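Work through the exercises below with the sequence and the model side by side. Try each task before you read its solution.

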Amino acid sequence: MTDKDRNELESPAADLGSTMPTESISIPDETLKKWQTIADTMAEIVGVPAGLIMRVVADDITVLVSSRTPGNPYRVGDAEHFLGSGLFCETVITQRSHLAVRDALADPRWRNNPDTQSGMLSYLGFPILWPNNEPFGTICVLDSQENNYSDAYRRLVEQLRDLVQLHLAQVYADVARHRRNQEALRLSEERFATAFRLAPVPMAIAALEGFLLLAVNDAFLAATGYDADEAIGRDATQLWLFNSSSERNQITQKLEGSVLVRNLEMQLRAKDGRLIDCLTTADTITLNGQRCVLSVFQDITERKRTETDLIAAIEAVMRDTSWFNTSVMEKLAQIRRSPDVAARRAVLSELTPRELEVLGLLSEGKANETISKILGLSRNTVRNHLATIYDKLDVHRRSEAIIWARERGVLRYSPPKKRGKPRRSR
């Protein structure tokens, strides 16, 4: 988010800005209940049939809250055209000042007021303003008879107006905060969508359940050969996207347990059937209330091909290792080492002393015939020892066994120490 965006969202204008439209703001039911109590209490204390909270909406003024007192002719939802109506409330709102009318019939200005047609002859009202100083409406009491409205009553209605405006300020702030959060979310989603679409590595968003693809980026389409219409809306099984179902199950199990999948080596199947070697990182996200998976695929096909070629070359030259010195062997072993494979291999303690002797001679580059002569074993016995060693080390070639040994410091054959003959006592 840029500083400009942040300032726009955090400025007072964003919280209580004059640009936020107020007509669309709904008053919560909880607030209306409070206002109903205010209207009822106000009418009862002043001793009049009607206590009202009015709201201006567009060109009309509407009864928002009406006291539940005997003789009240006004109902919630009653509306009159606002401007030029001649209503008491019109004057209060346009002049933004309180108004007290003792007897409308005795005053030529109010004799034809629409409220007199409802039998209301006296009026006391105060304007209600939004926090941005726009008119909301009025709070007022009306009586069916002449009423001079004492100073105490005027202070009471004014204080109740102030309380209503406090409630209104809270409503306004809540709406402003919600709209600010929505705007921040919109900006965040726009930036994420842009970063997702333009990312140079293949990315996909899928439903956690079933891996239904919801979105893919351009790099994903380029790597797999699919069009967006072919990929989106279909699950990974339909696309044969994962070369192995076990890989998909492994990802699903980890993510369902809220475990981040990081740099998992796997293969994706492209539209034309080719396999793409990838390092996959995936994590769960929530979109529109749905638990989803964001996956990033790093194509390592070329790197794997290079590694395979290098390993093949090393294995070719290591068929005869007798002319390699220790330094060269250790460097080759370092290149050949794979952390994922090494983690699965046995430790030296699993080898018997005889197997360690065979492995040491093998590490020196000795042939089977030579090993059998040095150890005084038959060739078949040497072959059997080698087969057991391969199995324990999880290797399949002589060269792999040599590298395994070199990685762990088994660089040469160490003959067992001979015990001396005991001396005879004289």
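Two strands pair if DSSP finds at least two bridges between them. Helices (H or I, at least four residues) and strands (E, at least two) are DSSP runs, numbered from the N terminus. This is a predicted model, where local features need pLDDT of at least 70, side-chain atom pairs count only at pLDDT 80 or more, and totals for chains, interfaces and linings use all residues. Residues are numbered from 1 along each chain as its sequence is written, and side-chain values use heavy atoms, with hydrogens and water left out.

**Exercise 1. Trace the five-stranded sheet.**

Task: give the order of the five strands in the open sheet, then name its edge strands.

Solution. 
- Step 1. The order is β8-β7-β11-β10-β9, and the pairing is antiparallel.
- Step 2. β8 (213-216) and β9 (261-269) are the edge strands, since each pairs on one side only.
- Step 3. From one strand to the next, the twist averages 30 degrees.
- Step 4. Now go pair by pair. Seven bridges join β9 to β10 (residues 275-287). In that pair, Met266 stands opposite Cys278 in β10.
- Step 5. Axes are lines fitted to C-alpha atoms, for helices over the stretch in contact, and angles run from 0 to 180 degrees between N-to-C directions. Helix α5 (residues 151-198) packs on the sheet and touches β7 (203-207), β8 and β11 (290-299). The direction of α5 makes about 120 degrees with that of β7.
- Step 6. Helix α9 (residues 245-256) also packs on the sheet, touching β9, β10 and β11. Its direction makes about 150 degrees with that of β9.
- Step 7. Return to the strands. β10 and β11 pair over 10 bridges, and Thr284 stands opposite Val293 in β11. Their hairpin has two residues between the strands, and Asn288 takes a positive phi near 50 degrees.
- Step 8. Five bridges join β7 to β11, with Ile205 opposite Leu294 in β11.

**Exercise 2. Follow β1 to β3.**

Task: say how many bridges pair β1 with β2, and how many join β2 to β3.

Solution. 
- Step 1. β1 and β2 pair over six bridges in the antiparallel sense. Val56 stands opposite Ile61 in β2.
- Step 2. The two strands form a hairpin with two residues between them. Ala58 in the turn has a positive phi of about 60 degrees.
- Step 3. Three bridges join β2 to β3, which also run antiparallel. Here Ile61 stands opposite Glu80 in β3.

**Exercise 3. Explain the setting of α13.**

Task: why is helix α13 largely enclosed by the rest of the structure?

Solution. 
- Step 1. Eight of the 11 residues of α13 (residues 353-363) are buried, so the helix is largely enclosed.
- Step 2. The buried residues are Glu355, Glu357, Val358, Leu359, Gly360, Leu361, Leu362 and Ser363.
- Step 3. Their cover includes α14 (368-375), α15 (379-393) and α16 (398-407).
- Step 4. Just after α13, Gly365 takes a positive phi of about 90 degrees.

Technical notes. Buried < 20%, exposed > 50% of the residue type's maximum accessible area, 1.4 Å probe, protein only. Contact = heavy atoms within 4.5 Å.
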